[in-house]
Amino acid sequence: MTEPLNFKQELTGCFGQPVAENPTQVMMEAAYRHHGLDWRYLTIEVAPRDLAAAVAGARAMGFRGFNCTIPHKVAVIEHLDGLGESASLMGAVNCVVRRGDQLIGENTDGKGFVKSLQELVDPNGKRVVMFGAGGAARAIGVEVALAGATQITIVNRSKERGEELVILLNDKVPAEAEFVLWDQSYVVPEGTDIVINATSIGLFPDVNARLDLDVDSLTRDMVVADVIPNPPHTNLVRDAESRGCRVIDGLGMLVNQGTIGVEYWSGIDPDPTIMRQALEDVFG
Ligand code: NDP
C-alpha cells in the first residue's frame, strides 16, 4: 500500500473506522492485482457528520463504489440514488455501486454468506437456527429466506432485537420466523438443517469465548456456520467438527462478500482462492 495514488486508477474504498492493516483492503487489492486491474481500494475514516461530504466526494472523484462499515450502514442510504432488493429489505447498505451516474446501495454480507453456504448445502426448503440479531444476522436472515429457507429460529440474548428481526422476516420474506430468548444453554431442535453463529462471540481477542449451546445437540446431518473471520477456527467450528458436522468458517463469508463487491464494481468474477490466501496471510 505504499505506491502513490494515480488519478488514472479506478478508485473503490471503504468508509468506516480506521484499522492499522485493513484485511478487506489487502484482500481486494490482491484480487485487483491478480486480475490485472490498475485499481485501488482505500480505507477512509469518515466521521458521521462528514458522511454526506464523503459520498459527494466519491461521486466527484468517480469512485466505482465503496463499502460502508459501522456506523454508516444505515445513514448512507439517504445519500444514495437507490437500493438493491436485499439492501432495501434490510434497511442497511454495506456496498455502494456506481451504475451509470447513480450510486446504488447493495448489501453483500448476506449474499456472501449464502454463497459460502451453497458450497455445502442448498438452503432451499431448510430449517435454520441462527444465534444473534444484529447487522450480520439481519443480512443473513433475509438472504437465506430469499434463497428458500422455510423456517428460521432466531436465538438472541436481548429480546427486543431478536423480536425486531423476527417481525422483519415474517413481514418481508417468505419464511416462517420465531424468536427464542437465549437465557440458558440452547438445545438445537432435532430436524434442524443449518446452525449459524451470527453473534460476535469468539471474535479476536475473545478467542476462548463459547456459545452457550448444548454441543451434544449438534448432529452430523447439520451444517454449522460461524461468521467470525478472525480467528476462523473458533470454538464453535471445533465443537461442530468434533460432532461430525459439516462446517463453514467466517473467512468464506468475508471472501464471498468481497468477490460479489468486485464483481459489482468491475464486472470481473474474481478468483476467491487469491482473496482467501490474502486474508489468511493477514490473520496469520
Ligand atoms: P452487532 O453488534 O450488530 O450484533 C452483535 C450480536 O451478537 C447481537 O445479536 C448480540 O446480542 C450478540 N452478542 C454479542 N455478544 C454476546 C454475548 N456475549 N452473548 C450473547 N450474545 C452476544 O454486530 P454485527 O451483527 O454487525 O456483527 C456480528 C459478528 O459478525 C461480528 O463478530 C463481525 O465480525 C461478524 N461479521 C462477519 C462478516 C464476515 O464477512 N465474515 C461480515 C459481517 C459481520 P444482543 O442483541 O443481545 O446484544
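Modeller: A crossing is called right-handed if the near helix is turned clockwise from the far one by less than a right angle, and left-handed if it is turned anticlockwise. In this predicted model, α5 passes α6 in a right-handed crossing.

Colleague: At what angle do helix α5 and helix α6 pack, and how far apart are their axes?

Modeller: Helix α5 covers residues 135-146 and helix α6 covers residues 159-172; the angle between them is about 25°, and their axes are 10 Å apart. Angles under 35 degrees count as roughly parallel, and α5 is therefore roughly parallel to α6.

Colleague: Which residues in α5 and α6 meet?

Modeller: From α5, the residues are A137, R138, G141 and V142; from α6, they are E164, L165, L168 and L169. Sorted by class, this contact of α5 with α6 has five nonpolar, one polar and two charged residues.

Colleague: How is the packing of helix α1 with helix α8 to be described?

Modeller: Helix α1 (residues 23-34) and helix α8 (residues 250-266) pack at about 50°, with axes 10 Å apart. The two helices α1 and α8 are therefore oblique to each other, and α1 passes α8 in a right-handed crossing. On the α1 side, T24, M27, M28 and Y32 make the contact, while α8 supplies L254, V255, Q257, G258, V262 and W265. The residues of this contact of α1 with α8 comprise seven nonpolar, three polar and no charged.

Colleague: What is the angle between α8 and helix α9, and is their crossing left-handed or right-handed?

Modeller: Helix α9 spans residues 272-283 and packs with α8 at about 130°, the axes again being given as 10 Å apart. Consequently, α8 and α9 are oblique to each other, and their crossing is right-handed. In α8, the residues L251, G252, L254, V255, G258, T259 and V262 meet P272, M275, R276, L279, E280 and F283 in α9. By class, the contact of α8 with α9 has eight nonpolar, three polar and two charged residues.

Colleague: How many residues surround the ligand, and which are the closest?

Modeller: The ligand is surrounded by 22 residues, the closest being A133, A136, N156, S158 and V227.

Technical notes
Residues numbered from 1 in each chain as written. Predicted model: local features only at pLDDT ≥ 70, side-chain atom pairs only at ≥ 80, totals over all residues. Heavy atoms only, no water. Axes fitted to C-alpha atoms, helices over the stretch in contact; angles between N-to-C directions. Helix = DSSP H or I, 4+ residues; strand = E, 2+ residues; numbered from the N terminus. Parallel < 35°, antiparallel > 145°, perpendicular 65-115°, else oblique. Contact = heavy atoms within 4.5 Å. Nonpolar A, V, L, I, M, F, W, Y, C, P; charged D, E, K, R; others polar. Near = heavy atom within 4 Å.
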